Amino acid sequence: MSADGTTRAPTLLDPLRQRNFRCLAGGRMATYFANAMAPIVLSFAVLDLTGSLIDLGIVVGARSVANVALLLFGGVIADRLPRRLVLQGSSVAAGLAQAVIAASVLFGFASIPVLVVISVINGMVSAVSLPAAAALVPQTVPHRMIRPANAVVRMAVNAGMVLGASTGGIVVGLAGPGWGIAVNAAVFLLAGLSFAGLRTAGKPAAAAGTVRPLAELREGWSEFTSRTWVWVVVLQFLVINAVVAGGLQVLGPTIADQSFGRTTWGLLLAAQTAGAFAGGFIAARAQPRHALRIGAAVGAFEAVPLLALGTTSHVAVLVVAMFINGVALEQLAVAWDVSLQENIPQEKLARVYSYDALGSFVAIPVGEVAAGPIALHAGIDTTLVAGAVLVVAATGFALCSSSVRRLTVKPAVPPHRPAGEVPA
């Protein structure tokens, strides 16, 4: 409440005053820290064990396959069980699994079959935790704080990924992969401890009645497809994620090696991360009525770094392009989360999130695999420019939907009424 008696717009600090939200944000930051660290330390453990790239691909790929295969059922579980227990249990399970791998490496009984089995377990628990964490945000803050709360969560997730990746490299370099995996296990357990502090409502409404996984998947699919704006935006970003994954994860490093170098590529990724943090502040403060329309539109800015990489090697231009991309991406991410959380029933929200995540998870490896052959045939620059055109076209497709353009969000601050006026 402001000095003149009117309700003020919530800030980034307001959600952090809520104990439940602090536990959720801290747990998600630790989870993404651990998930960013895990493939790095595990990769070096496999290389030390056998030196085989094939073995490395099998171990790392096993986690991804298990994650995608069980992601939809993770949404069902998160809609039936108390989400805080789902998050706590999955974090502890991941921590114990990593502890087993660390022990096997440190005490010399590691083998590729053991690493594959544990990687599958980690993929399974990640599939359960992702939709549960995303669906839990509205249960931890008052409605008026949903937008800044999602912005804070996004900033925590980004920070966790950056810190986790860098910590993984440092620990492996200083102490070896065995101790790196041990640290990774400790971070997962720390996430579980943070989630244990949550004190939210019990089971979602979907928990009543007999467990019918396939029927509940169909129910989630019906919820996903019944709202045009949901599947249209998911299709938009299925295309964008595939194009950007191939352009930035595969072709970007190739261009760096051919021109401005790996150090500068690291600088560009840092600029993108800085843009994401700046975008989080902007998203938390902005109160657009048609947030999804704006969010879908700024998806076109995913084309900016692709165009820049395909047309110039000037570092200053590339830094600006990556920074702008980071800012824009956060506007869509926050608008998307707020739109889902306000419009999807709580008892079905995790399943809708799981269908959303599945689209992203499938698109990314498709783009990464396709980028190389296409670039060899058409040329790297042409591939990047064509990818930028695809991004703009996908954005135009989304904005053609009146459902996307017209969706409104509930105001965080009630309209001010003159003294003495009462609602009709």
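1. Let's start with the second largest pocket: 17 residues line it, and A242, V243, I374, T383 and G387 are the ones nearest its centre. What counts as a pocket here? On a 1 Å grid over the protein atoms alone, it is an open set of points with protein on both sides within 12 Å along at least five of seven lines, and a lining residue has an atom within 4 Å of a point.

2. Before going on, a word about the model. It is a predicted one, so local features need pLDDT of at least 70 and side-chain atom pairs count only at pLDDT 80 or more, while totals for chains, interfaces and linings use all residues. Residues are numbered from 1 along each chain as its sequence is written, and side-chain values use heavy atoms, with hydrogens and water left out.

3. Back to that pocket. The second largest pocket has a volume of about 250 Å³, where volume is the space filled by probe spheres set on the grid points, joined across faces, edges and corners. At least two lining residues come from each of α9 (228-258), α14 (346-378) and α15 (380-399). Helices here are DSSP runs of H or I with at least four residues, numbered from the N terminus. α9 gives the largest share of the lining, 6 residues. Sorted by class, this lining has 12 nonpolar, 5 polar and no charged residues. Nonpolar covers Ala, Val, Leu, Ile, Met, Phe, Trp, Tyr, Cys and Pro; charged covers Asp, Glu, Lys and Arg; the others, Gly among them, are polar.

4. Now follow α14 to another partner. α5 (residues 112-136) packs against α14 at an angle of about 125°, with the axes 8 Å apart. Axes are lines fitted to C-alpha atoms over the stretch in contact, and angles run from 0 to 180 degrees between N-to-C directions. That angle makes α5 oblique to α14; angles under 35 degrees count as roughly parallel, over 145 as roughly antiparallel, 65 to 115 as roughly perpendicular and the rest as oblique. In the contact (heavy atoms within 4.5 Å), L130, P131, A134 and A135 of α5 meet α14 residues including Y353 and F361. By class, this contact has 9 nonpolar, 2 polar and no charged residues.

5. How many cavities of 30 Å³ or more does a search of the whole structure find? There is 1. The largest cavity has a volume of about 80 Å³. It is lined by 13 residues, with T31, S90, S126, S129 and F188 closest to its centre. Two or more lining residues come from each of α2 (19-49), α4 (83-106), α5 and α7 (177-196). This cavity's lining splits into 5 nonpolar, 7 polar and 1 charged residues.

6. Two of those helices also pack together. The axes of α2 and α7 come within 8 Å and cross at roughly 160°, which means α2 is roughly antiparallel to α7. Their contact has 17 nonpolar, 7 polar and 3 charged residues.

7. V304, P305, A308 and L309 in α12 meet L318, A321, M322 and N325 in α13. That contact has 7 nonpolar, 1 polar and no charged residues.

Note on methods: 1 Å grid on protein atoms, 1.4 Å probe; cavity = no way out; pocket = protein on both sides within 12 Å on 5 of 7 lines; lining within 4 Å.
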